[in-house]
Amino acid sequence: MTLVGLGYRTPLAKWVGTAPPEIECLELTAEHFFDQSDEAILAVAADRPVFVHGLGLSLATPGPLDPETLRSFQRVVDLSNPKWISEHLAFTRTAEVDLGHLTPVPPTREMLNRISDNAIALSEACNRPLILENITSHVMMAGEMDEPSFLNQLCSNAGCGLLVDVTNLYINSKNHGFDPLEWLHQLNPQTIVQLHIVGYSYRDGRWHDSHHEPIQKDLFELCQAVVDYAPVKAIIIERDGNFPDPQQLASELRKIKAVCNGD
Amino acid sequence: MAIDLTTALGRLLTDPALRSEFFQNRAATLETLDLDPAAAGVLQQIDETTFERQAQGLIDKRFHEVMKMLPMTLRLLGEDASRTFQEYAGAFWPDGHRRHLIDAVEFCRYLRDQKRGPVCRPEQNTVEFRLSQRRFRIHLVTDYYVHDKRRLAIQVLTRSNDGVPGQNVWYLRFSYGRSIRN
């Protein structure tokens, strides 16, 4: 069965607390809980399956993972007891600066080895399976292989899975001009564990992952294609702002559930 | 000393002058960056337009986050808000999981030190409180805005046992000074 749920955000806390049946699982963004008490984390993680999602571990940065960020991440994992953890296929910091934003990496062998090493280190430190997420980016970096081959090789080397962000895939396919289904069908379907989905925005002739919009029809269709292709275990709506009435989110969750059930 | 590809990308994304120099003469800039050949090969192929967009995206993201915490301060800056933030943001990059709060506090400091515009004090108090470990703070403020009208107010900031910050404000019913107009 595919679980359907939400990325937990403070403005949604009241609704989540009423235990609506549409929310079958929650994704906790680890950084949002770094400054919160043990009790607060335990309370949010009670009652439903949870997954812990990282933003700032910067797996593509050379050298060991930042020890302070890793310790804080581990604490959230230990308290919330997630089924798996996730991070992005990106870097957010360099040896000199914290960019604060997911920045793409070229699909090279050197990058493959570096991310594999850091992914294994993260998974072992947290004692949980790790899945890695595709990001959106304005710039595309050339490498020694295409992105799906890079992802397949990474999963094989690091023993990790994939979190396919359907919206990011859609946006990249539009902005960079490729077929998202062709991209998808090059992935090993057995590696795809979880999906993210949220509406995109369009301005200045480009598509953006603003995380502020309702999910559009073409995204539901792409989500259906992924679910048909791979044994997806969970789908998370990743809304970060412009929060709608809970009933609208509940309706989106039901639509995704219908996609999973093939209705 | 040789640097890795992410460090080179970080420098190029955060330094407009270096970026401009790089796109005018890639080979010369790559030589000064002292990259290994594979990393240099990646940078040689980067598209200028989309890379500029990527760099601007970093600043836009920070501006968007700061706007959520300092909406009135940015409204008081008016049409200059975005440009003023860009000037500030190019010279300072906050670090860590509290970077957006640090960014907001530092932007307030920049506005005050550089005399670039007014800072809405209750907003600054709130972000400074969130950044601190304090359980309680009380402020008398003269620029609390209600329906775009400036009022005298007492701002009480608290933090729950779970670490969640909260705020209560008591303000006088009469307003004074200029109202904000869009």
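Thr108(A) touches Gly143(A), Glu144(A), Met145(A), Phe150(A) and Val42(B), leaving out residues up to four places away in sequence. Contact here means heavy atoms within 4.5 Å. This is a predicted model, where local features need pLDDT of at least 70, side-chain atom pairs count only at pLDDT 80 or more, and totals for chains, interfaces and linings use all residues. Residues are numbered from 1 along each chain as its sequence is written, chains are lettered from A and ligands numbered from 1 in the order in which they are written, and side-chain values use heavy atoms, without hydrogens and water.

**Thr108(A)**

Thr108(A) sits in the loop between strand 6 (98-103) and helix 4 (109-126) of chain A. Helices (H or I, at least four residues) and strands (E, at least two) are DSSP runs, numbered from the N terminus. Is Thr108(A) buried or exposed? Thr108(A) is buried, with a relative accessible area of 10%. Buried means under 20% relative accessible area, exposed over 50%, and partly exposed in between (1.4 Å probe, protein chains only). The side chain of Thr108(A) also reaches the backbone nitrogen of Met111(A) at 3.2 Å.

**The barrel of chain A**

Eight strands of chain A form a closed barrel in the order 1-2-3-4-7-8-9-12, with parallel pairing. On average, neighbouring strands of this sheet are turned by 25 degrees against each other, direction ignored. Helix 8 (residues 217-229) of chain A packs on the sheet and touches strand 9 (192-197) and strand 12 (234-237) of chain A. The direction of helix 8 makes about 175 degrees with that of strand 9 of chain A. Axes are lines fitted to C-alpha atoms, for helices over the stretch in contact, and angles run from 0 to 180 degrees between N-to-C directions.

Ile236(A) lies in strand 12 of chain A. Ile236(A) is buried, with a relative accessible area of 0%. Beyond its neighbours within four places in sequence, Ile236(A) is in contact with several residues, including Leu6(A), Leu26(A), Phe51(A) and Leu195(A). Leu6(A) stands opposite Leu26(A) in strand 2 of chain A.

**Strand pairs**

Two strands pair if DSSP finds at least two bridges between them.

| Strands | Sense | Bridges |
|---|---|---|
| Strand 1 (residues 3-7) and strand 2 (residues 25-29) of chain A | parallel | three |
| Strand 1 (residues 136-146) and strand 2 (residues 149-159) of chain B | antiparallel | nine |
| Strand 2 and strand 3 (residues 165-171) of chain B | antiparallel | seven |

Strands 1 and 2 of chain B form a hairpin with two residues between them. His147(B) in that turn has a positive phi of about 50 degrees. Strands 2 and 3 of chain B form a hairpin with five residues between them. Gly163(B) in this turn has a positive phi of about 90 degrees.

A search of the whole structure finds one cavity of 30 Å³ or more. The largest cavity has a volume of about 60 Å³. Strand 6 of chain A gives the most to its lining, with four residues. On a 1 Å grid over the protein atoms alone, a cavity is a set of points where a 1.4 Å probe fits but cannot get out, and a pocket is an open set with protein on both sides within 12 Å along at least five of seven lines; lining residues have an atom within 4 Å of a point. Grid points are joined across faces, edges and corners, and a volume is the space filled by probe spheres set on the points.

The second largest pocket has a volume of about 400 Å³. Helix 5 of chain A gives the most to the lining of this pocket, with three residues.

How values were computed. A polar contact is a pair of N or O atoms within 3.5 Å; within protein, one must be able to donate a hydrogen and the other to accept it, and residues adjacent in sequence count only if both atoms are side-chain atoms.
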